[in-house]
Amino acid sequence: MTDDELVQGMARGEQACFEAFVQRHHAPLSGYLQRQLRDVQKAEDFVQETFLRFIKQLKERSVPDNAQAWLYRVALNLCRDYWKSAQYHTDNRLMAEMPEQRDTQTSVVELAERQETRQEIIRSLDELPDVQKQVVMLRFFQDLKLQDIAETLQLPLGSVKTHLYKGLRKLKDRLKPDKENTQPSRGGKQHEHAKR
């Protein structure tokens with residue numbers, strides 16, 4: 001069944017449609033929020049809140065045209081409200097003071113390499129302007145179509161394409177290995193050596 005069919009069934013009060021809809025969108029939405037918040041429990045709270053708001057929307061007889069885009073828009077707005085709150089600054093301080101947990105199933109070297117790559121990507125994403133970061137995350141982490149991203153972020157499709165292109169170009173520049181050691185030597189200096 002399509003999202004539209006499930007939403008119509010949910011609007012009629014069909015529990016099976018609601019369960020299928022939640023099952024389809026829960027994991028991707030949770031992953032998106034975990035990447036945004038870097039806090040599994042907070043992400044799960046926001047997933048639940050997003051679905052509760054969706055149910056409320058349906059009860060008010062207001063069915064979104066694009067359910068997936070609506071979910072991500074609400075989830076992102078919840079994040080933005082949280083980031084502006086005093087609670088966010090308190091949580092951030094507590095997280096900074098907590099010791100890092102280690103995965104005992106993985107070798108220290110593998111863990112360090114994986115963590116370093118992941119942190120490098122996250123750092124690079126964090127250095128992008130917010131709109132470029134959101135477009136890249138929704139496209140590649142959530143696999144949303146460009147039109148759905150446009151609806152989620154309430155931007156024209158052309159702007160989404162521009163932000164995606166610019167964001168990817170900046171990420172590529174930041175993540176490429178250091179090329180200082182591979183610069184070709186200049187011809188002028190070689191000639192000087194030849195003359196001596």
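Predicted model: local features only at pLDDT ≥ 70, side-chain atom pairs only at ≥ 80, totals over all residues.
Local features were taken at pLDDT of at least 70 and side-chain atom pairs at pLDDT 80 or more, while totals for chains, interfaces and linings use all residues. Residues are numbered from 1 along each chain as its sequence is written, and side-chain values use heavy atoms, without hydrogens and water.

Helix α2 spans residues 15-37 and helix α7 residues 130-141. Helices are DSSP runs (H or I, at least four residues), numbered from the N terminus. The two pack at an angle of about 145°, with their axes 11 Å apart. Axes are lines fitted to C-alpha atoms over the stretch in contact, and angles run from 0 to 180 degrees between N-to-C directions. The crossing of α2 and α7 is right-handed (the near helix is turned clockwise from the far one by less than a right angle).

On the α2 side, the contact involves Tyr32, Arg35 and Gln36. Helix α7 contributes Lys133, Gln134, Met137, Leu138 and Phe141. Contact means heavy atoms within 4.5 Å. The residues of this contact comprise 4 nonpolar, 2 polar and 2 charged. Here Ala, Val, Leu, Ile, Met, Phe, Trp, Tyr, Cys and Pro count as nonpolar, Asp, Glu, Lys and Arg as charged, and the others, Gly among them, as polar.

Gln36 is buried, at a relative accessible area of 5%. Buried means under 20% relative accessible area, with a 1.4 Å probe and protein chains only. Beyond its neighbours within four places in sequence, Gln36 touches Leu76, Cys79, Trp83, Lys133, Gln134 and Met137.

The whole structure holds 5 aromatic pairs. Rings of Phe, Tyr and Trp (its six-membered ring) pair if their centres lie within 6.5 Å; planes under 30 degrees apart count as stacked, over 60 as edge-to-face and the rest as tilted. Phe21 and Phe54 are stacked, because their ring centres lie 4.9 Å apart and their planes meet at 15°. Phe21 sits in α2 and Phe54 in helix α3 (residues 40-59), so the pair ties together parts 33 residues apart in sequence. Phe21 is buried at 0% relative accessibility, and Phe54 is buried at 1%.

Tyr32 and Tyr72 form an edge-to-face pair, 5.2 Å centre to centre with 80° between the planes. Tyr32 lies in α2 and Tyr72 in helix α4 (residues 67-84), so this pair ties together parts 40 residues apart in sequence. Both tyrosines, Tyr32 and Tyr72, are buried. Ring pairs also link Phe21, Phe51, Phe54 and Trp70 into a cluster.

How values were computed: Buried < 20%, exposed > 50% of the residue type's maximum accessible area, 1.4 Å probe, protein only.
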